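Take a look at the fold below. This report walks through its layout, its strands and its pocket.

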Amino acid sequence: MRKTTVLLAAALLAGCATSPVDDVTQLRSATAAAAARAEFTIVPIAERTDFPVWSGVGLDGYAWNTESLTHSTMIVNFWASWCEPCRTEWPELQAAAAGHPSVRFLGVNTMDAVADARTFVTQHPTDYRHLEDADAFLLKHLEGLPNAMLRSTLILDAEHRVAA
């Protein structure tokens, strides 16, 4: 139990960059340059904002929308197959998800070629779904929030507001 808790804490503390998302190229550069940085900020209840409403296709090919993901605490991890720190933390996230079945985990593949992302997930399966966000829609709409960057992990409360 302690090991899983530590793994979850490590996943939540991961962050690659500190500036708002301006465009995909800038974010990729910031991710590479700031891979070793870690930040974790709890958002006070009065300041929490809703997770963006968005629909699309998961890496598994099934349609989905963010409105269907309500009524549970959720861990949302942004990643890309080309991001080495994302690849490094992958096993810890899987272990944390397996050790916390009451918490819903969601991977968001962003700024990545869908074929590359699907290959990566096939080679490194997880117990949770991964959504496609090649143009970084979600990151752009979370701009200004703590940890809204590639290789970041957000915590959503049961009302799907960004809590950390």
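Helices (H or I, at least four residues) and strands (E, at least two) are DSSP runs, numbered from the N terminus. This is a predicted model, in which local features need pLDDT of at least 70, side-chain atom pairs count only at pLDDT 80 or more, and totals for chains, interfaces and linings use all residues. Residues are numbered from 1 along each chain as its sequence is written, and side-chain values use heavy atoms, with hydrogens and water left out.

## Overall layout

The protein has 5 helices and 6 strands. From the N terminus, their order is α-α-β-β-β-α-β-α-β-α-β. Of its 164 residues, 49% are buried. Buried means under 20% relative accessible area, exposed over 50%, and partly exposed in between (1.4 Å probe, protein chains only). The protein exposes about 8000 Å², and carbon and sulfur atoms supply 56% of that area. Accessible areas come from the Shrake-Rupley method with a 1.4 Å probe; for residues, only the protein chains shown count as cover.

Contact means heavy atoms within 4.5 Å. Among contacts between residues at least 6 apart in sequence, 74% join residues at least 24 apart.

## Paired strands

Two strands pair if DSSP finds at least two bridges between them. The table lists two such pairs.

| Strands | Bridges | Direction |
|---|---|---|
| Strand 4 (residues 104–110) and strand 5 | 5 bridges | parallel |
| Strand 3 (residues 74–79) and strand 6 | 4 bridges | antiparallel |

L106 stands opposite R129 in strand 5.

In the other pair, M74 stands opposite L156 in strand 6. In a regular strand the side chains alternate between the two faces of the sheet. In strand 6 (residues 153–156), T153 and I155 point one way, L154 and L156 point the other way, and all are buried.

## Two residues up close

Is G107 buried or exposed? G107 is buried, with a relative accessible area of 0%. G107 sits in strand 4. Beyond its neighbours within four places in sequence, G107 is in contact with N77, W79, Y128, R129, H130 and L131.

V57 belongs to strand 1 (residues 55–57). At 36% relative accessibility, V57 counts as partly exposed. Leaving out residues up to four places away in sequence, V57 touches Y62, A63, W64, L131 and E132. V57 and H130 are 73 residues apart in sequence, yet 9.3 Å apart in space, C-alpha to C-alpha.

## The largest pocket

On a 1 Å grid over the protein atoms alone, a pocket is an open set of points with protein on both sides within 12 Å along at least five of seven lines; lining residues have an atom within 4 Å of a point. Grid points are joined across faces, edges and corners, and a volume is the space filled by probe spheres set on the points.

The largest pocket has a volume of about 180 Å³. Its lining has 14 residues, and the closest to its centre are R104, F105, D127, Y128 and R129. Strand 4 and strand 5 each supply at least two lining residues. Which element gives the largest share of the lining? Strand 4 does, with 3 residues.

Conventions: On a 1 Å grid over the protein atoms alone, a cavity is a set of points where a 1.4 Å probe fits but cannot get out, and a pocket is an open set with protein on both sides within 12 Å along at least five of seven lines; lining residues have an atom within 4 Å of a point.
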